[in-house]
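Welcome, and please have the sequence and the model open side by side. We will walk from the whole chain to single residues.

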Amino acid sequence: MSEEDEEEERTGDGQGTALAEAAPVTSPTNLRRPTTASKRKRTGKHDAKLHEAVLKDDADACRKVLREYVVNVDSRNNFGRTCLHWAASFNNVDIMEQLISARCDLEAQDKTGMRPIMMAASHGHLKAVRLLINFGANVHARDKKGQTLLQCAVKSAKIVKFLVETLENVDIEAADSQGQTALHHAALGGHLDTITKLVRCGANVNATDKRGRTALHCAGEQGHLSVVEFLVGSSHQEAAASGGGGEAGGGSLLARGDIDGNSALHLAIENRHLPMAALLLHKGTPVDLHNNKLQTPLHIASGRGCRNTIELLLQHGSDLNTQCSNGNTPLHMAVELNDTETVEILINKGANVNIMNKRRQAPIHLAAECGFTDICKLLLNAGANIAEKEQGGRTPLYIAARGSFTAIVDMIIKTSRLDYPEPEEDSGSKDKEAASGGMGGSADVTLSLVRQRRRRVGGEREARQGGGSQGHLAVIFRKVAYHKLDAADWKKLALHWAFTDDQITAIKHQYTGKDSYKEHCHRMLWIWYEGLEPEVDPIKELCDSLDAIEKRKISDYIRRKVREEEEEEELGSGFGCNKTISRCKWKRCWALRHCHVL
């Protein structure tokens, strides 16, 4: 830049300043926002070169720009940061000295309220912090979040040691806008060396922020094992020094809840930190602590599907059937999560499947309402009471039917048709036992019988489905349901087989058109079949039942077809005609089966 250009720039700036000073207070010029051009003129033409030199960490280029051009050393970028902010974050003491010699603002704040000394401390640059302090930077300033210089420096134990030992009146317990002290910030970041220094300098390990959380809560939430171990040990030492029991002091810190009642164990499990949960339990945290919602750590683990954590809590004696404020047990929460493996673990460990919450919903009601078929199967095999009604008077069967979950509807009807003893107790005793989370001795025996019966029949059903006659039976059922019985006949057959009105209504709820009754009949036939004992011949039983409802033509048709099939099997394979029922002249194959020409 020539001397004339420099003189013109200074003259322009001076004129602009003079005009601004001469303008009256009521002039509209003062109310108008400055244009981009006027901003650029105020900040100088070569400020970008200075920022570029500082960002490149080039001290020689910075010295050249300051020597050859007229620049504003306090010009800011989009983040509101000056060149001194960047130099402090890079720990370039040479550039910082050049900027300070050019009379830059040591207390310039960016958009978050950070000063250069805070920037240097947050990046762990001790030389830059020492330089700024020597030049008079304010060590008691705060940013817009209320954080002090000490809180910004928690990443570096050396800077914390320097500030505590060098400066006077350093407030270790100063809190930011969230009520967090330097110890909280160090615990959140897992900076053990800083925590050690702060505690030795008198930091209070029991200090709480606005959420009621101590440094132990912060470390437990983030999973910093070494920090938790140190804080628990420090709490023991403080309690012992104050004349109380060391174990009692550490135990009170471990059991302390935040504003929501969550302990460090709750937060560790909520964030899926299994090693942290194991450490806290090893240090003596009570396993059944509850928060303000009366949720224990087992509730939290079950609601998040943390199966290894569930195993750990049960090993330490956690109660499986504890109910929270809305009456849900850990099993309820696992069902709501639709986690089949977690539900299976809780059932195998002895969870009560019939405890009801405050809405009188057992886990089977929740699974039926959400359409969780696999979980319904587990609960039914475990002895879930399918006759129990919720607060609105709805049974699991009704709930599943209203949700059009046909697989669950069929499953519940099959289960209800099994021959098992019902608990003989009045509703008052059942409510009392459900509220207490337990069952009586006779109810335990009954529930055991129910489980054995349902599992045995389920195993027999699977074995029977694997047999060779399953495909032949499927053809017969489909022929009867879709071509032989009408809308009234299948209901008569269902009533003959002791289907209740509620069960028939639940089957009928699935509507696919005017021929829906055919699908209803088909489903009903399979439900009936899967409830038969293994020694019962389903074809003979079906024919006898059709005779009983005066459908002898259909039963004779089935007997004839079965007899023809048996004759074909006796006569041998022969040659296939490879024609379907609509084209085969022998009329011996039906439903896409091939006949044999003799």
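The report below starts with the overall picture and then turns to the core, the helices and a few loops.

## Before you start

This is a predicted model, in which local features need pLDDT of at least 70 and side-chain atom pairs count only at pLDDT 80 or more, while totals for chains, interfaces and linings use all residues. Residues are numbered from 1 along each chain as its sequence is written, and side-chain values use heavy atoms, with hydrogens and water left out.

## The whole protein

The secondary structure comes to 33 helices and 2 strands. Helices (H or I, at least four residues) and strands (E, at least two) are DSSP runs, numbered from the N terminus. Of the 598 residues, 47% count as buried; buried means under 20% relative accessible area, exposed over 50%, and partly exposed in between, with a 1.4 Å probe and protein chains only.

Among contacts (heavy atoms within 4.5 Å) with a separation of 6 or more, 67% are between residues 24 or more positions apart.

## The largest nonpolar core

In soluble globular proteins, nonpolar side chains tend to be buried together. A nonpolar core here is a set of buried Ala, Val, Leu, Ile, Met, Phe, Trp, Tyr and Cys residues joined through side-chain atoms within 4.5 Å. The largest one has 145 residues, and L163, L379, F499, M524, L525, L542 and I558 touch the most other members. Helix α31 (residues 516–530) gives the most to this core, with 7 residues. Domain 1 (42–138) and domain 2 (472–570) both contribute residues, so the core lies between them; the domain bounds come from an automatic or database domain assignment.

Which residues does F499 touch, not counting residues up to four places away in sequence? They are I413, R417, A494, I504, I507, M524, I527 and W528. One of these partners, I413, is a buried residue of α25. That helix (residues 406–416) is mostly covered, with 8 of its 11 residues buried.

## Two helices side by side

Helix α21 (residues 340–348) packs against helix α23 (residues 373–381) at an angle of about 10 degrees, their axes 10 Å apart. Axes are lines fitted to C-alpha atoms, for helices over the stretch in contact, and angles run from 0 to 180 degrees between N-to-C directions. The pair is therefore roughly parallel, a label for angles under 35 degrees.

From α21, T340, V343, E344 and I347 meet D374, I375, L378 and L379 of α23. By class, this contact has 5 nonpolar, 1 polar and 2 charged residues. Here Ala, Val, Leu, Ile, Met, Phe, Trp, Tyr, Cys and Pro count as nonpolar, Asp, Glu, Lys and Arg as charged, and the others, Gly among them, as polar.

## Buried loop residues

G80 sits in the loop between α4 (59–68) and α5 (83–90) and is buried, with a relative accessible area of 9%. Although G80 and K111 are 31 residues apart in sequence, their C-alpha atoms are 5.3 Å apart in space.

T395 is found in the loop between α23 and α24 (396–402) and, at 19% relative accessibility, counts as buried. Leaving aside neighbours within four places in sequence, T395 contacts H365, I386, A387, E388 and K389.

Most residues other than glycine have a negative phi. R272, in the loop between α16 (264–270) and α17 (274–282), has a positive phi near 60 degrees and is exposed at 52%. E550, in the loop between α32 (538–548) and α33 (552–571), has a positive phi near 65 degrees and is exposed at 71% relative accessibility.

Definitions and conventions. Angles under 35 degrees count as roughly parallel, over 145 as roughly antiparallel, 65 to 115 as roughly perpendicular and the rest as oblique.
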